[in-house]
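Please open the model in a viewer and keep the selection tool at hand. The stops below are arranged so that each selection leads to the next.

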Amino acid sequence: MKIAILSRNKNLYSTRRLVEAGQQAGHEVHVIDTLRCYMSMASLKPEIHYRGRVLEGYDAVIPRIGASITFYGTAVLRQFEMMGVFPINESVAITRSRDKLRSLQLLARKGIGMPVTGFANAPDDIPDLINMVGGAPLVIKLLEGTQGIGVVLAETRQAAESVIEAFMGLSANIMVQEYIKEAGGADIRCFVVDGKVVAAMKRQAKEGEFRSNLHRGGSASLIRITPEERATAVRAAQVMGLNVAGVDILRSERGPLVMEVNSSPGLEGIEGATGKDVAALIIKFAERNARPNRTRTKGSRG
Ligand code: ADP
């Protein structure tokens, strides 16, 4: 097969591992810088231009689209889809998962457990919003945040009110969430490929911190997950329409609660903690599915 990896940087661990795994399986793998792709919309035969050439002959595309380039990146991916190239994750599913409110609304509708979450726009509604999620302590999250930045624990109602007010004053979009204290500063990352949890790790926040992000000094370790956690992760990925997903779960007294479903989950933490060759599993998934015009997104050459 000829595989394109959409990535801004070929030196990133995840990108390197996917290239390696693809080549080991005998495929031709190219890293394509997402932001260097350009295209003409008018053409009847959809094509992508890249550094003066036309990209041709790809069987599968692996999107590794960072949150900051979602808009352009999903447009490039759509163009691959219109050319009939099989995407590991479809552009619509990536767009869906990047909208945190929309994701939680979809997961809620399907009955998947999540922390009680509220959002509001007007400062006048703050007191009631805080009541809605059960009062302080509570977690306030900037919708645009990643890697734990913009996630704040407000211990008291007063602190919560002033932080929410401040964010609203800056016109930032936020959500307010019940604080799951019993999670003890830990969460579980379930790596889902093709409807199965292929690896799972526990991330533990460093002393004095409640956010377990590895970028915030958290540490990762192997964990055995329960059948309920496994089923929840698989279902969450399915609801989002993602074939490859990182599902973040908090262990609570009322069972597993999904925080987020990530469409470009990193490989370094999970491969390091579990010793599993997750990159090879992603390549195998591509091998099983890459046939021309398998994407559900309309626009095949017809
Ligand atoms: P990001 O997407 O920026 O990583 P998250 O929503 O995943 O933000 O939050 C970062 C971390 O904060 C999580 O990994 C988790 O450890 C902790 N956390 C987030 N929400 C809650 C919550 N409602 N209760 C307890 N801990 C939480």
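Begin by selecting R17, E20, E271 and D277 in this predicted model; these residues are linked in a network of salt bridges. Within that group, display the side chains of R17 and E271, whose closest N and O atoms are 2.7 Å apart in a salt bridge. This pair joins distant parts of the chain, since R17 belongs to helix α1 and E271 to helix α8 (residues 268–274), 254 residues apart. Both R17 and E271 are buried.

Next, select K100 and E260, whose side chains meet in a salt bridge at 3.8 Å, N to O. Here again distant parts of the chain are linked: K100 is in helix α4 (residues 100–109) and E260 is in strand β16 (residues 255–262), 160 residues apart. Are the two partners buried or partly exposed? K100 has a relative accessibility of 18% and therefore counts as buried, the cut-off for buried being under 20%. E260, at 30%, counts as partly exposed.

R8 lies in the loop between β1 (2–6) and α1 (13–24), and D33 in the loop between β2 and β3, so the pair ties together parts that are 25 residues apart in sequence. R8 is partly exposed, with a relative accessible area of 46%, whereas D33 is buried at 11%. Across the model, the count comes to 13 salt bridges.

Stay with the loop between β2 (28–32) and β3 (37–38) and select R36, which is found there. R36 has a relative accessibility of 40% and so counts as partly exposed.

For the last stop, select I188 in strand β12 (residues 186–193). Is I188 buried or exposed? I188 is buried, with a relative accessible area of 3%. Which residues are in contact with I188, leaving aside its neighbours within four places in sequence? They are M201, I223, I225, E229, V247, D248, I249 and R251. Finally, draw a C-alpha to C-alpha distance from I188 to F210: the two are 22 residues apart in sequence and 14 Å apart in space.

Key. Residues are numbered from 1 along each chain as its sequence is written. This is a predicted model: local features need pLDDT of at least 70, side-chain atom pairs count only at pLDDT 80 or more; totals for chains, interfaces and linings use all residues. Side-chain values use heavy atoms; hydrogens and water are left out. Helices (H or I, at least four residues) and strands (E, at least two) are DSSP runs, numbered from the N terminus. Buried means under 20% relative accessible area, exposed over 50%, partly exposed in between (1.4 Å probe, protein chains only). Contact means heavy atoms within 4.5 Å. A salt bridge is a side-chain nitrogen of Lys or Arg within 4 Å of a carboxyl oxygen of Asp or Glu.
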